[in-house]
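Dear colleague,

My notes on it follow directly after.

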Amino acid sequence: MKLRKQVTVCGGAIFCVAVFSLYLMLDRVQHDPARRQSGGNFPRSQISVLQNRIEQLEQLLEENHQIISHIKDSVMELTDTGAVSPSGHLPFRSANGSWVLPFDGRPTFLAVKPQDCQFAVGNRDQPDVQMLDVYSLLKFDNPDGGVWKQGFDITYEPNEWDNEPLQVFVVPHSHNDPGWVKTFDKYFTDQTQHILNNMVVKLAEDPRRKFIWSEISFFSKWWETADVHKQEAMRKLILGGQLEIVTGGWVMTDEANAHYFAMIDQLIEGHQWLESNLGITPCSGWAVDPFGHSATMPYLLKRANLTSMLIQRIHYSIKKHFASTRNLEFMWRQAWDMGSNTDIFCHMMPFYSYDVPHTCGPDPKICCQFDFKRLPGGRINCPWKVPPKTIVEANVAERAQLLLDQYRKKSKLYRSKVLLVPLGDDFRYDKALEWDQQYINYQKLFDYMNSHPEMHVQAQFGTLTDYFNAVYKTNGVAQGSRPAGYPVLSGDFFAYADREDHYWTGYFTSRPFYKSMDRVIESHLRGAEILYSLAVANARHAGMAGRYPVSDYSLLVDARRSVGLFQHHDAITGTAKENVVIDYGTKLLRSLIGLKRVIINAAHFLVMKNKEFYRFYQTEPFLETDDRRATQDSMPQRTLIELDPAGPRYLVMFNPVERERLCAVTVLVNTVRVRVLTEDGQTLPVQLSAQWSSASQMSATFMVRLPPLALAVFHLYDSPDSPMTLRSDTLLRLSGRGVAARAVDPLPVRSQQADSQTFYISSQSLTLGFSGTTGLLEFKICSITLRNILKSHCFAFLLLFQPYHQKEPPVVRVVEGPLFSEVVAHYQHFQQTIRIYNVPGVDGLSIDITTMVDIRDQTNKELAMRLVTDIQSGEVFYTDLNGFQMQPRQHYLKLPLQANFYPMPSQAYIQDGNYRLTLHTAQALGVSSLESGQLEVIMDRRLMQDDNRGLGQGLKDNKKTANRFRLLLERRSASNKMTDSATTSFPSVLSHMTNAMLNHEVLALPILPKRRGIPPLQTFAPLKSILPCDLHLVNLRSIQSQQDPLSPSPYTALILHRLALDCNFEAQNLGFNCTTTQGQLSVSALFKNLDLQLLQPMSLTLMHSGTPLANNTTITLDPMEISAFKLKLR
């Protein structure tokens, strides 16, 4: 106490002296007669002297603040006994051997309103077509269908169109992959720019010509290189209806592995570009190449105000079934929708492909004759050996009749007398010759058909929306409305097979390194968007907008576009050539580095206690990043925090989750003499562990409580051992006789002979048992399987089971301590770490699994992790669609093994009347349940040969990859046994939180030591009120300026998702207060120290505006809905 008084008095004296000195200096500046000039005018030389003096004064003030800050730190360190924890107790071991931690003891409560649980168990109208029923119904056999090999013979009566002529819309298109066999930039240079250049000329030659374009990544690149005349000509074509932009996303996104955050973001990026450059809004969706279709996509398109959509790659047996029942056009409804609010009109293409031979009708031999690029003398021909013929007067009648026959047969598969005929293929129309060949020959056919009334056909070029509008008009309904008699469908379209048993399910796992990297960057992008928006708003509020590096916005734009590009259906899927993958990886790494810069620049501004002393120097970052990647294909390395006895190091922790978070955070330090203090001087429990790659570095793990979306400040000291800093107990289990391992201080290691007895690790919540032989988890048996790939496809695979086996027994490392315990099993091709955290709340209730996979020495093999339990799940399991919703699945013996795998972007679970076991994942992988009580995940795959799908190479560029999971076991409430319907299922609140914590890790950002010391800092906690725990902040995205797309406007997009909850599980302590409000939120009461000046409902991609609301309006979201609002914060 005496010491504390002395230090305080000393600090106060220094402060008084500093203030008095500043006063004298100011006095001199004011009274120095040399500074006064007649008439009050200062010469330029005197002004510069005055400016210098003012700058010196500012510097002195800053140094004075730093002195006070150092005094505070000294007081904090000197008065801290090293034994004061939030509860005043030291960690201790209980009777069962588990550690009991000092904890702040803050009471937490779970208050979910009963009304907020009703959605999960509510009644829903049955759709006309439920895809789960279709799967049960179909035999999935493959009889020969004649000319339409996967279908059936189509017949018609010649007089069927006498009363209502057939309307035919031929829609020219060119499918441009933003990377596949060539890189994005190489495709643009070689082909895409020529397609768009020719488009401007050739469409203008005849107003009857039409075309559609999808990928804005390519279109925007062309626009930037085009001169003003080309831009104006292109704008005229679009506004005149000759060119339609369909979907309008940055790419045609994959729908299996992509997370809904990234699917929305790439759609926003494309739509915002279209709005600012062309002022247009897409109406129709066009997805001809994604390998299977998710139910999430129609929801996102509907919420973006699109009215219709088209899909193509669907299992040939399903296409045949839909064609035979004339259900190829339907209203696609979300399985969870209580009404018809999510319905969107969808057209399914009926045949094998989107190329010309498979789009005019059922007979590819005939349709190929109407692909005029294949005229004799060209580079490509018809595989059916009958070439096209140039249309001349002598053959036009015969040719028109032959083509009309195909049109009529195709139209018999649909309910209206309006027909869609796509005309294109990959990278078509890159030469002027093809534009002439297709348009001139088809126009002759159309002119002949239309001038012969006895043919009862009206044929023309059209856009996709021209076709849909004609369907609506024919049926007498408004655009986007359900025509009478058209079915409602719910479900999705996985897995896809294009022929025989060639199931495209391998891509759910292919190149898992980049699938993992993608999700890390998505989390950084979301975090950077939120912090940037808050920093800019706070800078405006403080009148400091000019001093904040607003130019960081260009880094956000670059990252949005790189992440958007990677959602392309040949990027995140892992189905591109090796050099293209490197190009994607390089772009992603550049964006990740840029995002880390945005985050540390925002954190710098926001944690400054006195913003007047904020100085931004481009070349002198205030903080370091949490980790670094040396190359695009290397694992991240944590930043080392070098502690020094001379003074503290400061650490800023960013919690990107919108919940308060009680968790263990690990940093890398250079000494065991580490003490961690909170901002207000509380000592935190620390667990020190060995860093196995370096003897001079240690892992320091400590428990922190972080406010939602906060930047919290911590102090790290190099100081004598604190009773709150404890060392891990490490044991190596070795199998060889006479083999021993030892390590000396600072972190000793014991070793013992391995035996077959089960051994255990424990926390307050969990006890896990491990096989003494394998070192793998036995709590729920976890086995690793290495499989032979019998028939290899980059997109598809066939498998042979073979349990993983290696000659040498594994080395098993057991680490135990107060904050976490883990078991690490080292095998030749993988290293599996099972860790449990001894912290209250979400982090302590699930098992952390990291599997480091390396199969680079294997041939045609894949590595699978199988979870075996006694849960009576039968043949049913559940996988998520895009992290947005859960989809029930069923294992079918009538299907081959590879057909029973499904995408798992974020989670999968099995359940019975008592338990649910959920595997949460930080990267998209393929999953199945091949037996009751089992889950099986494909971790990596290696293929030595091409799969004959156009890529021209195998899958041989495997990387050492860390696949991260959380395994959560939940018990159903005694009063609430399983109530899931057959078609819907929802995670619990704990499961939602577990997934969020796994996918959005805390970022530990060290502040760089400064020669003049660190100015005073304080925790930045932006939320004024707690967000209801069923509301997820998808994004807080600064909207681009209309004048300069690389600068922000004053507006911000708030995107919220209301989660649906299954409440029928035993309540757990989440570690934070969880309340629900029936979807209600007051936005004006959400952010601290910021004024809300605009609250405007928007469509999902911000292209359609609602009426602005009063700023104090309470908004309401329904369960599962995603809503967007335009805000003005300052």
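**Nonpolar cores**

The largest nonpolar core holds 250 residues, and those with the most contacts inside it are Phe219, Phe322, Tyr407 and Phe493. Helix H17 (residues 578–607) supplies the largest share of this core, 15 residues. Apart from it lies another core of 25 residues, including Leu643, Val667, Val672 and Val676. A nonpolar core here is a set of buried Ala, Val, Leu, Ile, Met, Phe, Trp, Tyr and Cys residues joined through side-chain atoms within 4.5 Å. Buried means under 20% relative accessible area, exposed means over 50%, and partly exposed lies in between (1.4 Å probe, protein chains only). In soluble globular proteins, nonpolar side chains tend to be buried together.

Please note that this is a predicted model, in which local features need pLDDT of at least 70 and side-chain atom pairs count only at pLDDT 80 or more, while totals for chains, interfaces and linings use all residues. Residues are numbered from 1 along each chain as its sequence is written, and side-chain values use heavy atoms, with hydrogens and water left out.

**Surroundings of individual residues**

Leaving aside its neighbours within four places in sequence, Tyr407 is in contact (heavy atoms within 4.5 Å) with Leu166, Val168, Val170, Cys360, Leu419, Val421, Tyr442 and Met449.

Leu423 is found in strand E12 (residues 418–426); helices (H or I, at least four residues) and strands (E, at least two) are DSSP runs, numbered from the N terminus. Leu423 counts as buried because its relative accessibility is 1%. Residues up to four places away in sequence not being counted, Leu423 touches Val170, Val171, Pro172, His173, Val356, Phe370, Tyr429, Gln438 and Tyr442. Val356 is 67 residues from Leu423 along the chain, yet their C-alpha atoms are separated by 5.6 Å.

Gln907, in strand E39 (residues 907–911), has a relative accessibility of 5% and therefore counts as buried. Beyond residues up to four places away in sequence, the residues that Gln907 touches include Tyr878, Met886, His920, Pro987 and Asn995.

Val477 lies in the loop between helix H14 (464–475) and strand E14 (488–490). With 22% relative accessibility, Val477 counts as partly exposed. Its contacts, neighbours within four places in sequence left aside, are Tyr472, Arg482 and Pro483.

**Helix H7**

Helix H7 (residues 228–239) has twelve residues and reaches 16 Å from its first C-alpha to its last, close to the 16 Å expected at 1.5 Å a residue. That expected span is 1.5 Å times one less than the number of residues. Gln231, Met234, Leu237 and Ile238 are buried in H7. Seen down the axis of H7, the buried residues fall within an arc of 125°, so they line one face of the helix; the arc is that of the directions from the helix axis to the C-beta atoms. Val228, His229, Lys236 and Leu239 are exposed on the other side of H7. Helix H5 (184–204), helix H6 (216–225) and strand E7 (243–245) are among the elements that cover the buried residues of H7.

At the N-terminal end, Asp227 caps H7, with a side-chain oxygen 3.0 Å from the backbone nitrogen of His229. Just after H7, Gly241 takes a positive phi of about 85°.

**Sheets and strand pairing**

Two strands pair if DSSP finds at least two bridges between them. An open sheet of six strands has the order E4-E14-E10-E11-E9-E8, with mixed pairing. Strand E4 (129–130) and strand E8 (284–287) stand at its edges, each with a single partner strand, so one side of each is left without a neighbour in the sheet. Strand E10 (residues 329–332) and strand E11 (residues 344–348) run antiparallel and are joined by four bridges. Cys346 in E11 is the bridge partner of Phe330.

A second open sheet has five strands in the order E17-E19-E22-E21-E24, again with mixed pairing. Its edge strands, E17 (640–641) and E24 (725–727), each pair on one side only. E17 pairs with strand E19 (residues 661–669) in the parallel sense over two bridges, and Ile641 stands opposite Val669 in E19.

Elsewhere, strand E31 (residues 811–816) is joined by five bridges to strand E25 (residues 729–734), and the two run antiparallel. Thr730 stands opposite Val815 in E31. Five bridges also join E31 to strand E32 (residues 820–826), in an antiparallel arrangement. E31 and E32 form a hairpin with three residues between them, and Val812 stands opposite Ala825 in E32.

With kind regards

Technical notes. A polar contact is a pair of N or O atoms within 3.5 Å; within protein, one must be able to donate a hydrogen and the other to accept it, and residues adjacent in sequence count only if both atoms are side-chain atoms.
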